Amino acid sequence: MDHATFLGLVRYNADGLVPCVVQAAGSLEVLMVAYANDAALRATLKSGEAHFWSRSRRELWHKGGTSGNVQRVVSARLDCDHDTVLLSVEPAGPACHTGAVSCFRDEASGGAATGPAAGGG
């Protein structure tokens, strides 16, 4: 679908933002979650590099613009409700501000989330 159609389908929240799940195109690892407004999504689709809205700084943010760890967008997809964007990217470096490849490092242990001991029913 063309960019205009894609942008027209996005359902932003009351703050004018949409969550963006960022996934490495090669490994499929989830790298980070950020938020985008209309301007950020437009900049992403136009430039081919990920842009977001910084909720803390209240400004447009080009991922890697300062660090060089840009994320080249391979594809952008909407979920079935059109209220979440999935960006498949080729990262030029770590996604996390801590220097880690992914922002998702902490894991529940001991089968806390899966398995018969979890008490399904």
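Which residue in the turn of the hairpin that E1 and E2 form has a positive phi? Leu-28 has this positive phi, of about 65°, in a hairpin with 5 residues between E1 and E2. The legends below describe views of a predicted model.

**Figure 1. Overview of the chain and its elements.** The protein holds 2 helices and 6 strands, which follow one another from the N terminus in the order α-β-β-α-β-β-β-β. Of the 121 residues in the protein, 31% are buried, and the protein exposes about 7400 Å², of which carbon and sulfur atoms supply 51%. Among the contacts in the protein with a separation of 6 or more, 43% come from residues 24 or more positions apart.

**Figure 2. The four-stranded open sheet.** In this view 4 strands form an open sheet with mixed pairing, in the order E2-E1-E6-E5. E2 and strand E5 (71-78) are the edge strands, each of them pairing on one side only, and neighbouring strands of the sheet are turned by 25° against each other on average, when direction is ignored. E5 and E6 pair in the antiparallel sense over 7 bridges, with Leu-78 standing opposite Val-85 in E6. Strands of a sheet pair through backbone hydrogen bonds, either parallel or antiparallel.

**Figure 3. The hairpin of E1 and E2.** E1 and E2 run antiparallel and are joined by 6 bridges, one of the residue pairs being Pro-19 and its bridge partner in E2, Tyr-35. The hairpin has 5 residues between the two strands, and Leu-28 in the turn takes the positive phi of about 65°.

**Figure 4. The largest nonpolar core.** This core has 21 residues, and those with the most contacts inside it are Val-22, Leu-31, Met-32, Leu-41, Phe-52, Val-85 and Leu-87. Helix H1 (3-9), strand E1 (18-24), strand E2 (30-36), helix H2 (38-47) and strand E6 (85-91) each supply at least two residues of the core. Around Met-32, and leaving aside residues up to four places away in sequence, the residues touched are Cys-20, Val-21, Val-22, Phe-52, Trp-61, Lys-63, Gln-71, Ala-95, Cys-103 and Phe-104.

**Figure 5. Helix H2 against the strands.** H2 lies across E1, E2, E5 and E6, and runs at about 125° to E2. The buried residues of this helix are Ala-40, Leu-41, Ala-43, Thr-44 and Leu-45. An α-helix has 3.6 residues a turn, so residues three or four places apart point the same way. After H2 comes Gly-48, which has a positive phi near 80°.

Figure 6. Asn-37 is placed in the loop between E2 and H2, and it counts as buried because its relative accessibility is 15%, where the cut-off for a buried residue is under 20%. At the start of H2, a side-chain oxygen of Asn-37 reaches to within 3.3 Å of the backbone nitrogen of Ala-39, while a polar atom of the Asn-37 side chain lies 2.8 Å from the backbone nitrogen of Ala-40. Beyond residues up to four places away in sequence, Asn-37 touches Tyr-12, Gly-16, Leu-17, Trp-53 and Leu-60.

**Figure 7. The hairpin of E3 and E4.** Strand E3 (residues 51-54) and strand E4 (residues 59-62) run antiparallel and are joined by 4 bridges, and in this pairing Phe-52 stands opposite Trp-61 in E4. Between the strands of the hairpin there are 4 residues, and Arg-58 takes a positive phi near 55°. Both faces of E3 are covered, with His-51 and Trp-53 buried on one side and Phe-52 and Ser-54 buried on the other. In a regular strand the side chains alternate between the two faces of the sheet.

**Figure 8. The surroundings of His-51.** His-51 lies in strand E3 and is buried, with a relative accessible area of 11%. Leaving aside residues up to four places away in sequence, His-51 touches Ala-36, Ala-40, Ala-43, Thr-44, Trp-61 and His-62; of these, Ala-40, Ala-43 and Thr-44 are among the buried residues of H2. The side chain of His-51 also reaches the backbone oxygen of Glu-49 at 2.8 Å. Along the chain His-51 and Gly-65 are 14 residues apart, and their C-alpha atoms are separated by 9.3 Å.

Definitions and conventions
Residues numbered from 1 in each chain as written. Predicted model: local features only at pLDDT ≥ 70, side-chain atom pairs only at ≥ 80, totals over all residues. Heavy atoms only, no water. Core = buried A, V, L, I, M, F, W, Y, C linked by side-chain atoms within 4.5 Å. Buried < 20%, exposed > 50% of the residue type's maximum accessible area, 1.4 Å probe, protein only. Contact = heavy atoms within 4.5 Å. Areas by Shrake-Rupley, 256 points an atom, 1.4 Å probe, with all protein chains shown as cover. Pairing = 2+ DSSP bridges. Axes fitted to C-alpha atoms, helices over the stretch in contact; angles between N-to-C directions. Polar contact = N/O pair within 3.5 Å; in protein donor to acceptor, adjacent residues only side chain to side chain.
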